[in-house]
Amino acid sequence: SEMCIRDRLLTGLRIKNIRERLKYTQEQMSELIQIDISALSKIENGKNFPSYETLYKFFGILKINPTELFDFEDFQTLEDDLTDKIIFEQIKDLSPRNKQKIQKFIKMITE
């Protein structure tokens with residue numbers, strides 16, 4: 001659903017934001033929380049949601065609480081970018097026929 005996609009994307013952005021604020025590279029962070037760098041990248045890009053075990057490591061190692069991680073209030077400026085990503089997520093697995101319908105609709109509303 002759209003909400004799940006939005007939550008996954010926001011959680012990934014939040015983790016990336018906290019990592020950068022703490023001045024860790026992806027490599028350093030992945031070593032700290034003991035996950036593969038590609039797994040961290042997928043989390044930060046909103047492709048995957050972190051497992052409970054990984055979340056627990058984030059909280060402990062980064063010394064953050066769950067409220068801080070899931071407080072998306074200051075992410076309002078990302079709404080447009082997020083909308084683009086949500087739309088892409090929603091249409092990427094559609095049939096070619098349905099993608100053509102969406103393309104025609106977009107053309108119709110933008111002319």
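Which residues in helix 4 are buried? Select helix 4, residues 52–62, in this predicted model. The buried positions are Thr 54, Leu 55, Lys 57, Phe 58, Phe 59 and Leu 62. Step past the end of the helix to Lys 63, which takes a positive phi of about 55°.

Angles of 65 to 115 degrees count as roughly perpendicular, so helix 2 is roughly perpendicular to helix 4. To see the contact, show side chains for Met 29, Leu 32 and Ile 33 on helix 2, and for Thr 54, Lys 57, Phe 58, Ile 61 and Leu 62 on helix 4. By class, this contact consists of six nonpolar residues, one polar and one charged.

Now turn to the largest nonpolar core, which has 13 residues. Select Leu 40, Phe 58 and Leu 69, the members that touch the most others. Helix 1 (2–21), helix 2, helix 3 (37–44) and helix 4 each give two or more residues to this core. Helix 4 gives the most, with four.

Center the view on Leu 69. Leaving aside residues up to four places away in sequence, Leu 69 touches Arg 14, Ile 15, Ile 18, Leu 55, Phe 59 and Ile 64.

The last stop is another core, which lies apart from the largest one and has six residues. Select Ile 5, Leu 10, Leu 13 and Leu 82, which are among them.

Conventions
Residues numbered from 1 in each chain as written. Predicted model: local features only at pLDDT ≥ 70, side-chain atom pairs only at ≥ 80, totals over all residues. Heavy atoms only, no water. Axes fitted to C-alpha atoms, helices over the stretch in contact; angles between N-to-C directions. Parallel < 35°, antiparallel > 145°, perpendicular 65-115°, else oblique. Contact = heavy atoms within 4.5 Å. Nonpolar A, V, L, I, M, F, W, Y, C, P; charged D, E, K, R; others polar. Core = buried A, V, L, I, M, F, W, Y, C linked by side-chain atoms within 4.5 Å. Buried < 20%, exposed > 50% of the residue type's maximum accessible area, 1.4 Å probe, protein only.
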